[in-house]
Amino acid sequence: MISALRQRQPGASLWRIAYWHFMHMLCFLFLVPLYRYRAFGVRNIPDTGPVLLVSNHQSYLDPALVGLGCHRRQFAAL
């Protein structure tokens, strides 16, 4: 299981990977029932390689919502 987590984010420490998964689950538990969050087109995000995700900033929740959509990869908002 640890090797599978390291493959998702090569070069990152296990603490950072565990923190990311914890925060992802916390956001999921809060945002999905409260806002009825659904993500469309998640299958179009590749599992490996660079990806640029662009949102049009409707609110301050955009980084968390976009991060929930790409749940198979770790996400860093700028």
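Start by selecting L31, which is buried at a relative accessible area of 2%; buried means under 20% relative accessible area, exposed over 50%, and partly exposed in between, with a 1.4 Å probe and protein chains only. The model is predicted, so local features need pLDDT of at least 70 and side-chain atom pairs count only at pLDDT 80 or more, while totals for chains, interfaces and linings use all residues. Residues are numbered from 1 along each chain as its sequence is written, and side-chain values use heavy atoms, with hydrogens and water left out.

Stay on L31 and show its surroundings. L31 is part of helix α2; helices (H or I, at least four residues) and strands (E, at least two) are DSSP runs, numbered from the N terminus. Leaving aside residues up to four places away in sequence, L31 touches R36, Y37, L61, A64, L65 and L68, where contact means heavy atoms within 4.5 Å. For a distance check, pick V51: 20 residues separate L31 and V51 in sequence, and their C-alpha atoms are 24 Å apart.

Next, move along α2, residues 14-35, to H24. H24 is buried as well, with a relative accessible area of 17%.

Now select α3. Its buried residues are D62, G67, L68 and G69. The cover over these buried residues includes α2.

Then go to L61, in the loop between α2 and α3 (62-69). L61 counts as partly exposed, at 32% relative accessibility.

Finally, zoom out to the whole protein. There are three helices and zero strands, in the order α-α-α along the sequence. The C-alpha trace spans about 35 × 25 × 25 Å along its principal axes. Of the 78 residues, 18% count as buried. Among contacts between residues at least 6 apart in sequence, 62% join residues at least 24 apart. The protein exposes about 6,600 Å², of which carbon and sulfur atoms supply 63%; accessible areas come from the Shrake-Rupley method with a 1.4 Å probe, and for residues only the protein chains shown count as cover.
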